[in-house]
Amino acid sequence: MARISKQQLISYEELDDTNDLTAAEQALWQAARDATAHAYAPYSGFHVGAALLLADGTIFRGTNQENAAYPSGLCAERTALFGLAANQPQHAPIVGMAVAARPAQGQFGPALPCGACRQVMLEYETRQSQPIPLLLPSRTGTILRFDSFALLIPFNFSADDLP
Ligand code: THU
């Protein structure tokens, strides 16, 4: 029986700062930051904002929504995607997403989507049959740009795995 070592590479861009973004990307980046003002995060004190750019130029926002029963809360990435699908079922394709996070009174820091959000993000990208570019603030203060949500969740579970 063969045992073969393999590697899987993930392609992404790392940008120094917002000057390296396009005008549309800058607006999306700022929208995610602005959205953090509307997070409901009294328990963690960690305010997260997510912004979705639609092909018609509109931006739809999400923020984390916490609860006294902690697991009942939801991340910003998912409130954005679920909120869009629930409120605008006929929405134009999603052509970009950005995420931002900061402590209640602090500076913006890294915002890397949790595993559950990556799974949900994949579902919505697959649903629209069009890859969605993603902008994330890294742990070192740079901007990470991915061409597709799928890059963030290799070996994922999807509808293809259902019988
Ligand atoms: N959170 C998000 O909104 N997005 C993430 O990707 C990671 C975590 C939220 C959930 C919770 O309200 C707070 O941040 C602390 O985990």
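1. Some ground rules: the model is predicted, so local features need pLDDT of at least 70 and side-chain atom pairs count only at pLDDT 80 or more, while totals for chains, interfaces and linings use all residues. Residues are numbered from 1 along each chain as its sequence is written, and side-chain values use heavy atoms, with hydrogens and water left out.

2. Who touches the ligand? Around the ligand you'll find Ser44, Phe46, Val48, Asn64, Glu66, Cys75, Ala76, Glu77, Leu112, Pro113 and Cys114 (a residue is near if one of its heavy atoms lies within 4 Å).

3. Now the polar contacts (pairs of N or O atoms within 3.5 Å). Ligand oxygen lies 2.7 Å from a side-chain N or O atom of Glu77 and 2.9 Å from one of Asn64. At Cys114 a backbone N or O atom is 3.2 Å from a ligand oxygen. The protein buries 73% of the 370 Å² that the ligand exposes when taken alone (Shrake-Rupley method, 1.4 Å probe).

4. The ligand sits in the largest pocket, meaning that more than half of its atoms lie within 2 Å of the pocket's grid points. A pocket here is an open set of points on a 1 Å grid where a 1.4 Å probe fits, with protein on both sides within 12 Å along at least five of seven lines; lining residues have an atom within 4 Å of a point.

5. That largest pocket has 16 lining residues, with Phe46, Val48, Asn64, Cys75 and Glu77 nearest its centre.

Definitions and conventions. Polar contact = N/O pair within 3.5 Å; in protein donor to acceptor, adjacent residues only side chain to side chain.
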